[in-house]
Amino acid sequence: MATAPTALIVIESCFGNTRTIAEAVAAGLTDAGAQARVLDAVQAPASLPAKLDLLILGAPTHNRGLPTTATRTQAGKQAGAAAPNSGMREWLARTTIPAVLTTAVFDTVTSKSWLSGSAAKAIIKALRRGRGRDAPSIRSFLVQGQSGPLADGEEAAARTWGRALAASTTNV
Ligand SMILES: Cc1cc2nc3c(=O)[nH]c(=O)nc-3n(C[C@H](O)[C@H](O)[C@H](O)COP(=O)(O)O)c2cc1C
């Protein structure tokens, strides 16, 4: 009998919007019968679980790409909270992701114009470095202003995307 596909969602989030999207994607995956877990990149281990069918990576777009120590500090000042000195960029640098593993990536952005850039595209670049890999599924979710909240309908869209990802993932 086939077992439920297992998904891991690793994210970074300064104001909580990317985390809300990750939880909605996890809910969609669960709706479709997958097992899903959300981990903060700061706490995520550098070695992936042996049984993993789908890896989903998400981050907020900062200065058109992935957050850095400097942009996290800026966000932390705005949020009135201490900023972590590590996140998705650093987790990608210390983690080996097998080229055969199915991946999906997302980001949060303040506008969907090309001028806004995309943390998700920066993640794809990092994933491809030195490896042949199929283009992962990619999504951007809109926030209103730097600290959010999420634009109307984005959380529901993330849940729908989670269901679709589960449906397209075969467990091995
Ligand atoms: C320092 C800084 C730079 C940012 N640069 C961009 C940007 O280039 N493009 C964009 O769409 N949003 C930009 N934003 C807004 C982020 O997209 C927004 O804060 C983020 O999506 C919210 O997600 P979070 O709540 O998970 O942190 C920036 C935010 C900060 C704090």
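Trainee: What covers the buried residues of helix 1?
Mentor: Helices (H or I, at least four residues) and strands (E, at least two) are DSSP runs, numbered from the N terminus. The model is predicted: local features need pLDDT of at least 70 and side-chain atom pairs 80 or more, while totals for chains, interfaces and linings use all residues. Residue numbers start from 1 along each chain as its sequence is written. The cover includes strand 1 (6–11), strand 2 (35–40), strand 3 (54–60), strand 4 (102–109), strand 5 (137–142) and helix 5 (154–167).

Trainee: Is Ala27 buried, exposed or partly exposed?
Mentor: Ala27 sits in helix 1, residues 17–31. Buried needs 20 or more other C-beta atoms (placed from the backbone) within 10 Å of a residue's own, exposed 12 or fewer, partly exposed in between. Ala27 has 16 such neighbours, so the class is partly exposed.

Trainee: Which residues does Ala27 touch, beyond four places away in sequence?
Mentor: Arg163 is 136 residues away along the chain, yet its C-alpha is 8.2 Å from that of Ala27. Touching means C-beta atoms within 7 Å. By that test, the partners are Arg159 and Gly162.

Trainee: Which strands stand at the edges of the sheet?
Mentor: The open sheet has five strands in the order 2-1-3-4-5, with parallel pairing (at least two DSSP bridges). An edge strand has a single partner, so one side is left without a neighbour in the sheet. Those strands are strand 2 and strand 5.

Trainee: How many bridges join strand 1 to strand 2?
Mentor: The two strands run parallel. The number of bridges is six.

Terms used:
Contact = placed C-beta atoms within 7 Å.
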